[in-house]
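Please open the structure in your viewer and keep the selection tool at hand.

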Amino acid sequence: MNLFAKAHTEKAHAAEYLLNKYSKKSDSVISMTVNFYEDTKCEKDNYRIRTEKDEIKVFANTAVGFNAAAGYLVRHCDGKISDVDITFESDFRAVYFANHFYNYYHSAPTEEICEYIESLALWGQNALCLWFDMHHFESAFQPEAVEMIEKMKCLFKKAKSLGMKTSLTRLANEYYSKAPTHALAENSTESGKYEQKLCGFYYTELCPSNILGENLLLSSFYELMKCFLSVGLDYIMFWPYDQGGCTCNNCYPWGSNGFYKLAKKQAKIAKEYYPHMEIIFSCWRFNHFTGKGKEWSSFVPLVREDGEWIDRLMVDIDSESTPYDLDKLSGKPVVSFPEISMRNATPWGGFGANPFPTELSAQFKRTFRFCKGGALYSEGIFEDINKAVSLELMRDHTIDPKQTVLEYCNYHFGAEYSEQLAEIIFGLEKTLNRATFLDNERCDFPSKKPYKLYSYKIENHDFVKELSEKLLRLHKKLPAEVVKNPRYQLIFARVMGDLALVKNDGVPNSETDAIYSRLVDLYHAEKAYYFVSPITTESIMENRGEGI
């Protein structure tokens, strides 16, 4: 069935564009006009679809709702389109592009990333989050920093054109690469107040309890806020750890003391420039470094007494320390930060597609009663399937991920092959767990160049071989346009790369290099740090980003 869109309201102009661009055109004699109509009775991004003899009517009240309806239609146009009424459980369905380390979002052409944002709009994404990673630069005026800010503004403008909101992520005490040593934050366990050192630490972070440190943090934040006035910011997410933090006595406990006080001052500055901005306060890794109870126990009463400046709290839904009644304890709406990139496989994206739809479904069901919506943590395009599954779960936490994966495969690879490819995708979840070894010692996060190649130990060797046999049988039947599809190539690289690793005791070789070099092209990862690079022998031995 061929679909042709017509917008009858300005709110649907983006949806008209998306449907006409992304709906598949075939030799079918059946054509339907899709008319988009505004209906002010539709709440939030909800929409409904009604089919008539030669017309499909879509009713919504927001651009995001129209976009999501367009996505539903392009994924179902190969079959009979039924009347549906779609409601969204969450009003915050964001994707956070971690644009750093020369990963995909850092290195890919802006135009290509803009197209990728369009594809996510079809799944109902309604906010885009970006980060200006200061450690890459000496100042905001360095040419490379200006270039990054301009790229971010272009991506934000694209998101705005699709009806999405924009969000900036801010590590509260981050600073540029040439931070003054006498104002640096501490990262130590010597005081006995922290059970372990802070992770992801750049040693360019500043201590807000130091007068110079605080002045530099606030002045640099003023500079950053001015940079986005031309496009506008709707949210800011203040981040405590990983990276960030300070373990000095004056900042302890960081989450409810040094970080809290600094974020409150920065929030005041943000509101000066963006009065309608929402403040999202992240509680990521609370208690992880301080030990059980020491951070949450002081934070919860503080936010009840002094938290009027905070609009939402953000939590790690995969952490055992997160209070499952935080919404009631704090009196604040709670959103999540689902980790869809790093789970059980380092480097992130190093092996191709990393789907784990079953686990994502379990996470959203487990935490729905106190936490609705969130910002998906993305390091690139390799977790595209996880994005689709998670955006659907943020719409409806009860949805069966098998339904989403089938829709995904049906649209990208064709109805004839969707069930077989969906089965392979769910199989990849069973073989995702892996670990990095050097001379029988585990080293998932190497701090220096290795003297030889690592061995990547993958579980369930027999099933790895079974998946490869299934995919190779199917691969011979696939049309050329499917084989060339980057989303299929991510799946193919994962399946065949895993097989090649298993055959060579986990050690990369010329066979894996031939497979993973295609991932380098897809990710634009020629300069990517090791942690976000495909595991080519070159990337391993260079260990780019050493020390981070």
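In this predicted model, there are 31 salt bridges. The stops below visit some of them.

**First stop.** Select Glu52 and Lys57, and display their side chains. These two residues form a salt bridge, with their closest N and O atoms 3.3 Å apart. Glu52 is partly exposed, because its relative accessibility is 42%, between the limits of 20% and 50%. Lys57 is also partly exposed, at a relative accessible area of 21%.

**Second stop.** Proceed to helix α11, which covers residues 384–395, and select Arg395 and Glu392 within this helix. Their side chains meet in a salt bridge, at 3.1 Å from N to O. How far apart in residues are Arg395 and Glu392? They are three residues apart, which is about one turn of the helix. Arg395 and Glu392 are both buried.

**Third stop.** Now select Asp444 together with Arg442. A salt bridge joins Asp444 to Arg442, and the closest N and O atoms lie 2.7 Å apart. Is Asp444 buried or exposed? Asp444 counts as buried, because its relative accessibility is 13%, and buried means under 20%.

**Final stop.** Select Lys21, Glu115, Glu118 and Lys158 together. What links these four residues? Lys21, Glu115, Glu118 and Lys158 are connected in a network of salt bridges.

Methods
Residues numbered from 1 in each chain as written. Predicted model: local features only at pLDDT ≥ 70, side-chain atom pairs only at ≥ 80, totals over all residues. Heavy atoms only, no water. Buried < 20%, exposed > 50% of the residue type's maximum accessible area, 1.4 Å probe, protein only. Helix = DSSP H or I, 4+ residues; strand = E, 2+ residues; numbered from the N terminus.
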